[in-house]
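Here are my notes for your read-through. Keep the viewer open and check each point as you go.

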Amino acid sequence: MAPLIIFLGFFVYSVAVSMFGTQVGEIMKTLSIPISQAGSLLSTQQMGAFLGIVLSPLVLKHCKEKSILRLGMVVMGASLVLLFVFPARFVLFAIFACLGFGGFYVDSGSNAYLASHFPEKRSIYIPILHFVYSLGALSSGYLVLPFKGMKWHIGYAICGVLLLSFLLIGMENERRVGKRPAQSQKKQEILEKLPFKVILGDKRFLLYCLVLMFYMSSQQISASWLPLYVETAFHASPSLVAATLMSFWIGIACMRLVSPLFLSKGIPPLLLTAGGMFLSFLTLIIALLSKNLVFAYIAIVISGFGSGATIPLFIVTASSWFPANTAFVSVFYILSGTVGRMIFPYLVALFAETYGLQYSLLSSSLLLLLGSLLAIVVYRKRELKAVRTY
């Protein structure tokens, strides 16, 4: 499948999973569900992704990266279309679980395919892939504005149709071009795959996965609940609520765009991650304590910018540690985020019912601080190992 098709599909995938933050108020109103049940939807979606992870050894054994990506696009596209056909409460949780299941294979399949088929361009394609994700996320709030109210499920359905369309276009393009021997695949076959237990025995890798889990949990919390916080705390209009999500993802997109420049200056990826997450921690607190909406938006942009390169830096760095195990690295990238996203966004919603959304979001900012400290620990372990090896 051509990289361009993957980028386009990833953009639509991003819009589909990011519009919840803008639409959650409408979903709660039209289906008469409280905020705790809305938080349960996010957890259910991550449970679907977790099921995909559990089944991944079987899928990886019988499917190549391209087939994994196709599986995800089919399941997710069909689920989004079904959400239009059955927008009732009793099927909503099952459909969100399918979204998580399909989304896992879209995400991990895209990363694994680009990392394994284009190893010489890995450091370019992976940041571009996640930059495209950021573009979809930051624009999702405005793209779904025409579908506010009772029409919220139509926006999901359009994303499903587009995903299935891109899949068909990609398959037709492959049929016309024909099969070509991939030099990058031949190079990859020369590398020796490490047993999974060797990778899982590497403390650097496990700690790095924890860094990623804390970041992805915080990212999910901010994307899902910051728009609702702005709507309730500032009594903002729908367009301003959408601007909240856009502000957050503009910051992330900018960091993912300029992070290669920082790396070219010799800044170690782990230190860039640590400093960025600490900056994100500070500015998120400022945004939540601000009484001025414009100032809050500025702080939200900086918060997104600070930690925006965490995911692509993890995939590029961890793949360089284990170059023949890119699929396993991609699966663990999703696993780390899924575990966190199953737990922390729901806890925020649960605490919000008792203590208020602002206090819950302030408490969740500690995840960024913990991630920053852990990134420094991983960096020091990496440096210490390098010295010992020398």
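1. Let's settle one term before anything else: buried means under 20% relative accessible area, exposed means over 50%, and partly exposed is in between (1.4 Å probe, protein chains only). With 27% relative accessibility, Phe 305 therefore counts as partly exposed.

2. A word on what you're looking at. This is a predicted model, where local features need pLDDT of at least 70, side-chain atom pairs count only at pLDDT 80 or more, and totals for chains, interfaces and linings use all residues. Residues are numbered from 1 along each chain as its sequence is written, and side-chain values use heavy atoms, with hydrogens and water left out.

3. Now the overall picture. The chain has 17 helices and zero strands; helices (H or I, at least four residues) and strands (E, at least two) are DSSP runs, numbered from the N terminus. Its C-alpha atoms fill a box of roughly 60 × 50 × 35 Å along the principal axes. Of the 390 residues, 57% are buried.

4. Back to Phe 305, which sits in helix H13 (residues 293-307). Contact means heavy atoms within 4.5 Å. Setting aside neighbours within four places in sequence, Phe 305 touches Gly 251, Ile 252, Cys 254, Met 255, Val 258 and Phe 262. Have a look at Gly 251 in particular: it is 54 residues away along the chain, yet the two C-alpha atoms are separated by 3.8 Å.

5. Compare that with Gly 103 in helix H5 (residues 89-117). Is Gly 103 buried or exposed? At 5% relative accessibility, Gly 103 counts as buried. Beyond its neighbours within four places in sequence, Gly 103 is in contact with Tyr 13 and Met 76. Ile 285 is 182 residues from Gly 103 along the chain, and their C-alpha atoms are 30 Å apart.

6. The buried residues of H12 include Leu 270, Gly 276, Phe 281 and Leu 288.
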